[in-house]
Amino acid sequence: MQAKTPSDSRTILTDMVLPSETNHLNHLFGGELLARMDRAGSIAARRHSSNITVTASVNHVAFNKSVPLGSIVTVDAKVSRAFKTSMEIYIDVWIEEHSTGARTKANEAIYTFVAVDEDGKPTAVPELKPETDLEKERFAGALRRKQLSLVLAGKMKADDATELRALFIE
Ligand SMILES: CC(C)(COP(=O)(O)OP(=O)(O)OC[C@H]1O[C@@H](n2cnc3c(N)ncnc32)[C@H](O)[C@@H]1OP(=O)(O)O)[C@@H](O)C(=O)NCCC(=O)NCCS
């Protein structure tokens, strides 16, 4: 399988915030944003793996800024690291000021998708070759995030999470 770059999987979804998608404060409902990020992440994972993909976990979400009704929201998703059958997808969310076009970073999230065959069995994915400094930084941190996610899910013993443990133990 030929290696791919993060740009190969980049997926950009731009949409606005409608009244039915807001909470009592007229801000975008968190679950709606999660769904948009899941959709963009799923497409990025499919572009990387050229296969069916399923969401395995949501590793991190930071709702740093609320997103007001009427906002133009862009969800920008790319594969940040590929493992054997799983892929970490890093998602940046931007709000666009319609009069100037200026963009502000609102939120970010990290999802894990797994490529599967028609029977739902995990299937190998191509290697990822990061190019930019940010892509290399995200690539470097992905293994410890995978280990943390597996430990929290009860699928890995903390003792085996060597990359994660190295953060805390000399
Ligand atoms: C995701 C799924 C395919 C994993 O199946 P599994 O039996 O755990 O398979 P494996 O143990 O071989 O794991 C497959 C890969 O997923 C990774 N993985 C599994 N659970 C994970 C988690 N919680 N966090 C991070 N990675 C995870 C494994 O580390 C492995 O990665 P690798 O092959 O790149 O090393 C399976 O649990 C599934 O189909 N879940 C339902 C998915 C779904 O329906 N999503 C939508 C929810 S509504």
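Reader: Hi! Let's start with the ligand: how many nonpolar, polar and charged residues are in the shell around it?
Author: Hello! By class, the shell has eight nonpolar, seven polar and three charged residues. Keep in mind as we go that this is a predicted model.

Reader: Good to know. Which residues come nearest to the ligand?
Author: Of the 18 residues around the ligand, the nearest are Phe83, Lys84, Thr85, Ser86 and Ser149.

Reader: And which elements each supply at least two residues of that shell?
Author: Those are strand S2 (52-62), strand S5 (103-116) and helix H3 (133-152). S2 gives the largest share, with four residues.

Reader: Let me step back to the whole chain. How many helices and strands does the chain have?
Author: There are four helices and five strands. Along the sequence they follow the pattern α-β-α-β-β-β-β-α-α.

Reader: What percentage of the residues is buried?
Author: Buried residues make up 33% of the 170. As for contacts with a separation of 6 or more, 69% are between residues 24 or more positions apart.

Reader: Back to H3, then. Which of its residues are buried?
Author: They are Glu135, Arg138, Phe139, Ala142, Arg145, Lys146, Ser149 and Leu150.

Reader: What do the buried residues of H3 pack against?
Author: They pack against helix H1 (6-9), S2, strand S3 (72-82), strand S4 (86-96) and S5.

Reader: Where is the kink in H3 centred?
Author: On alanine 142, with a bend of about 35°. Alanine 142 is also one of the buried residues of H3.

Reader: How far apart are the end C-alpha atoms of H3?
Author: They are 29 Å apart, and at 1.5 Å a residue the 20 residues should span 28 Å, so the span agrees. After H3 comes glycine 154, with a positive phi near 75°.

Reader: Now H2. What does its span look like, counted at 1.5 Å a residue?
Author: The 20 residues of H2 should span 28 Å, and the end C-alpha atoms are 28 Å apart, which agrees.

Reader: Which residues of H2 are buried?
Author: Leu33, Arg36, Met37, Ala40, Gly41, Ala44, Ala45, His48 and Ser49. The buried residues of H2 pack against H1, S1, S2, S3, S4 and S5.

Reader: Which residue with a positive phi follows H2?
Author: Serine 50, whose phi is near 55°. Serine 50 is in the loop between H2 and S2.

Reader: Is serine 50 buried or exposed?
Author: Serine 50 counts as exposed, because it has 12 C-beta neighbours inside 10 Å.

Conventions: Residues numbered from 1 in each chain as written. Predicted model: local features only at pLDDT ≥ 70, side-chain atom pairs only at ≥ 80, totals over all residues. Buried ≥ 20, exposed ≤ 12 C-beta atoms within 10 Å, placed from the backbone. Contact = placed C-beta atoms within 7 Å. Near = placed C-beta within 6 Å. Nonpolar A, V, L, I, M, F, W, Y, C, P; charged D, E, K, R; others polar. Expected span 1.5 Å × (residues − 1). Bend = angle between axes of the 7 residues up to and from the residue.
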